[in-house]
Amino acid sequence: MYTEEVMDHFQNPRNMGEVEDADGVGEVGNPSCGDVMRITIKVDNDERIEDIKFKTLGCGAAIATSSIVTELAKGKKLEEAQEISKKTVAEALGGLPPQKMHCSNLASDGLRMAIDDYHAKHPAESK
């Protein structure tokens, strides 16, 4: 049912936790399935994500998508990271079952919310 990549990110999640003094925070949830994600980012002077972490309460697919989205975004400029879509997340994991695609939506939405939060808190730095 799940790819090896999904199982690897579920069993060995990357970047789990919370960034101290985060520059941006994104919180998303899906009431129908109970998944809740919190993504925190630290942004450098070049508007590059220098650190990113997640906390997720949810199923294995929710944890895996949270983990992979942090790997995809880390080191990227904010504009690049904002382009990470649900399709990008699912493809990076080698696919997700149709009933679990909402997890990739949550992960990419959480990342975008963290970036939007950064822009709201740092309007002078934002373009």
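In the predicted model, helices H2 (60–73) and H5 (101–121) pack with their axes 8 Å apart and at an angle of about 40 degrees, where axes are lines fitted to C-alpha atoms, for helices over the stretch in contact, and angles run from 0 to 180 degrees between N-to-C directions. Helices (H or I, at least four residues) and strands (E, at least two) are DSSP runs, numbered from the N terminus. H2 and H5 are therefore oblique to each other, given that angles under 35 degrees count as roughly parallel, over 145 as roughly antiparallel, 65 to 115 as roughly perpendicular and the rest as oblique. The crossing of H2 past H5 is right-handed, that is, the near helix is turned clockwise from the far one by less than a right angle. On the H2 side the residues involved are Ala 61, Ala 62, Thr 65, Ser 66, Val 69 and Ala 73, which meet Cys 103, Ser 104, Ala 107, Ser 108 and Leu 111 of H5, with contact taken as heavy atoms within 4.5 Å.

The model is a predicted one, in which local features need pLDDT of at least 70 and side-chain atom pairs count only at pLDDT 80 or more, whereas totals for chains, interfaces and linings use all residues. Residues are numbered from 1 along each chain as its sequence is written, and side-chain values use heavy atoms, with hydrogens and water left out.

Within H2, Thr 65 is buried, with a relative accessible area of 0%, where buried means under 20% relative accessible area, exposed over 50% and partly exposed in between (1.4 Å probe, protein chains only). Leaving aside residues up to four places away in sequence, Thr 65 touches Met 37, Val 89, Leu 93, Leu 96, Cys 103, Ser 104 and Ala 107. The C-alpha atom of Thr 65 is also separated by 9.5 Å from that of Pro 13, although the two residues are 52 residues apart along the chain.

From H1, Glu 5, Val 6, His 9 and Phe 10 meet Gly 60, Ile 63, Ala 64, Ser 67, Ile 68 and Glu 71 in H2.

The strands form an open, antiparallel sheet of three members in the order E1-E2-E3, two strands being paired if DSSP finds at least two bridges between them. E1 and E3 each have a single partner strand and stand at the edges, so one side of each is left without a neighbour in the sheet. From one strand to the next, the twist averages 15 degrees. H2 packs on this sheet by touching E2 and E3, and its direction makes about 175 degrees with that of E3. H5 likewise packs on the sheet, where it touches E1, E2 and E3, its direction making about 150 degrees with that of E1.

Strand E1 (residues 24–30) is joined to E2 by seven bridges, and the bridge partners include Val 28 with Met 37 and Glu 27 with Arg 38. Eight bridges join E2 to E3, with Thr 40 standing opposite Lys 53 of E3. E2 and E3 form a hairpin with five residues between them, and in its turn Glu 47 has a positive phi of about 60 degrees.

Most residues other than glycine have a negative phi. Phi is near 60 degrees for Asn 15 and about 50 degrees for Asp 21. Asn 15 counts as buried at 17% relative accessibility, whereas Asp 21 is exposed, with a relative accessible area of 65%.

The largest nonpolar core has 30 residues, and those with the most contacts inside it are Ile 41, Ile 49 and Leu 111; such a core is a set of buried Ala, Val, Leu, Ile, Met, Phe, Trp, Tyr and Cys residues joined through side-chain atoms within 4.5 Å. At least two residues of this core come from each of E2 (35–43), E3 (49–57), H2, H3 (78–82), H4 (86–92) and H5. Leu 111 touches Ile 39, Ile 49, Ile 52, Val 69, Ala 73, Ala 81 and Ile 84, not counting residues up to four places away in sequence.
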